[in-house]
Structures are given as C-alpha cells and as structure tokens.
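Here is a brief report on one protein chain. Look at the structure first, then read on.

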Amino acid sequence: MIATQNVLNGYKIMWLYIMFDLPVETKQQRKAAAQFRKDLLKDGFVMHQFSVYIRHCASFEASEVHIKRVKTMVPDEGLVSILKVTDKQFGDTIQFVGKKRSPPPSQPVQLELF
C-alpha cells in the first residue's frame, strides 16, 4: 500500500482577509464592532490594519470553515468583505512603510529595590 503524503502546496494553502467598515456612531454600534473584532481574534485572525484582519488556513476546506464562522459573527449593520488568496499570492504581497515614523515611546524609569 502506498502512503499518501500531504505535500505543502502554495496554491492549496489559503489566507483569508477580512475587511470591514462598521458604523460606530452609537454605543450599541461601537459595542457590536468591538465584539466583532474580539470574535475574529478568538477565531485566530490577527490585525493587519485597523479594519483588516488576516488568517492562515492550511487548506481550502479549512478556509471555508472560517468563512462560515465569520458569517455568523457579522453585525447587523456595516459591510464585511472576505478575500481568499493562496499562499503563493500572499507571498507576493508588497508592503510599503512610510518614511516618517513616530518616535518610540519613552522607556519607563526602572525602579531599584536595593
């Protein structure tokens, strides 16, 4: 019997981008938006930008599971979009960081106990 090997393939591994624009005018809307972000984090997404979260999925099937979960989390108001890209496409991502950077936060004074 020949054992099947799970070969990692840059075209089968998926990345999910969740992009959203949720209203935050009322207290209830802010609470719903905050809960949506918390739910994304609980499901393994990480913040890429303020309203863009990403998650690695080992397969197309795994990505479908997470898409179904996100669908159940979507607040009543606002827009949520999901973009699926292959690992190969994700690897071709180009990012630019602005030349003007804010200074690092000042270090707290260290307390000496002795």
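## Strand pairing

Two strands pair if DSSP finds at least two bridges between them. Strands of a sheet pair through backbone hydrogen bonds, either parallel or antiparallel. The model here is predicted. In it, strand β1 (residues 14-21) and strand β3 (residues 52-57) are joined by 6 bridges. The two strands run antiparallel. Tyrosine 17 faces a residue of β3: isoleucine 54 stands opposite.

## The sheet

The sheet is open and has 4 strands. Their order is β2-β3-β1-β4, and the pairing is antiparallel. Strands β2 (46-49) and β4 (79-86) stand at the edges. Each has a single partner strand, so one side of each has no neighbour in the sheet. On average, neighbouring strands of this sheet are turned by 30° against each other, direction ignored.

## The helices

Helix α1 lies across β1, β2, β3 and β4. Its direction is at about 170° to β1. Helix α2 (residues 60-73) also packs on the sheet. Helix α2 touches β1, β3 and β4, and its direction makes about 175° with that of β4.

## Arginine 37

Helix α1 (residues 27-42) holds arginine 37. Is this residue buried or exposed? Arginine 37 is buried, yet it has no salt bridge. A salt bridge needs a side-chain nitrogen of Lys or Arg within 4 Å of a carboxyl oxygen of Asp or Glu. For arginine 37, the nearest side chain of opposite charge is aspartate 21, 7.9 Å away.

What does arginine 37 contact, leaving aside its neighbours within four places in sequence? Its contacts are Phe20, Phe50, Ser51 and Tyr53.

Terms used
Residues numbered from 1 in each chain as written. Predicted model: local features only at pLDDT ≥ 70, side-chain atom pairs only at ≥ 80, totals over all residues. Heavy atoms only, no water. Buried < 20%, exposed > 50% of the residue type's maximum accessible area, 1.4 Å probe, protein only. Lys, Arg positive; Asp, Glu negative; His and termini not counted. Contact = heavy atoms within 4.5 Å. Axes fitted to C-alpha atoms, helices over the stretch in contact; angles between N-to-C directions.
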